[in-house]
Amino acid sequence: MSEYILGISTSCGKGSVAISCDSRLLFESETYFNREFSSRLLPMIDHSINQAGLTKKEIKYIAVDIGPGSFTGIRIGVATALGLVRGLGLKVAGYTSLELILNSFEELKERVVPIIQAGKNEFYIMYKNEIKIMKEDSVITNLKEDRPLTGILWDDSVIKKRFQYIECYPEARICCLLCSRADKNGLKSFIKPLYLKKSYVD
């Protein structure tokens, strides 16, 4: 029996929605954030489901980006996912934004280091299989310059100039991919967002 998955990623300035079936991507849509994004996400989901030739009742699982990243983006994505989970009686899987970035580079994932700028001198980083907040000097001290960084850095970042860097946003299609590979028996009807920093409206 086919397992249709709805993926949602909204943690890092770009929102994306994807529909997959048995590891096969059926449809994907993405947009950059603006002030109307919170009211546009559900229509974007409805459009994606329709374009995949499905109805909401045919979706079996939801896979969502839980952060870290933009507090507002994470809140919108996770709240929307949980609303659909409750309304449709589904199970949900949560994946970190850094995990999604890492899995965008499957062939290189032993080498690349996922990173997201968290503030003027702070970075979310997946380092030694742990997600941490690091200051700029700690990133420079701890990381080897022959390991490319991938993720989202500001244009004026010293780190962006010092290391090899590949821009990469978390994507809903990777949420779908990871969920398709997961043990569905372990999925629940609730997930928690991963903010790392104190909540603030950005």
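Helix 1 buries Phe37, Leu41, Met44, Ile45, Ser48 and Ile49, where buried means under 20% relative accessible area, exposed over 50% and partly exposed in between, with a 1.4 Å probe and protein chains only. Helices (H or I, at least four residues) and strands (E, at least two) are DSSP runs numbered from the N terminus. This is a predicted model, in which local features need pLDDT of at least 70 and side-chain atom pairs count only at pLDDT 80 or more, while totals for chains, interfaces and linings use all residues. Residues are numbered from 1 along each chain as its sequence is written, and side-chain values use heavy atoms, with hydrogens and water left out.

The cover over the buried residues of helix 1 includes strand 1, strand 2, strand 3, strand 4 and helix 2. The 15 residues of helix 1 reach 20 Å from first C-alpha to last, close to the 21 Å expected at 1.5 Å a residue; the expected span is 1.5 Å times one less than the number of residues. After helix 1 comes Gly53, with a positive phi near 75 degrees.

Two strands pair if DSSP finds at least two bridges between them. Strand 2 and strand 3 run antiparallel and are joined by eight bridges; Ile19 has Phe27 in strand 3 as its bridge partner.

In soluble globular proteins, nonpolar side chains tend to be buried together. A nonpolar core is a set of buried Ala, Val, Leu, Ile, Met, Phe, Trp, Tyr and Cys residues joined through side-chain atoms within 4.5 Å. The largest such core has 27 residues, and Leu6, Ile8, Ile45, Ile59 and Ile62 have the most contacts inside it. Strand 1, strand 2, helix 1, strand 4 and helix 2 each supply at least two residues of this core, with the largest share, seven residues, coming from helix 2. Apart from this core lies another, of 14 residues, among them Ile5, Tyr61, Leu100 and Cys179.

Helix 6 (residues 172–181) is largely enclosed by the rest of the structure, because seven of its ten residues are buried. These are Ala172, Ile174, Cys175, Cys176, Leu178, Cys179 and Ser180. Their cover includes strand 1 (4–9), strand 2 (14–21), strand 4 (59–65), strand 5 and helix 3.

Two loop residues complete the tour. Thr96 sits between strand 5 (91–95) and helix 3 (97–102) and counts as buried because its relative accessibility is 11%. Leu143, between helix 4 (136–142) and strand 9 (149–152), counts as buried at 9%. Not counting residues up to four places away in sequence, Leu143 touches Val113, Ile125, Tyr127, Leu149 and Phe163.

Definitions and conventions: Contact means heavy atoms within 4.5 Å.
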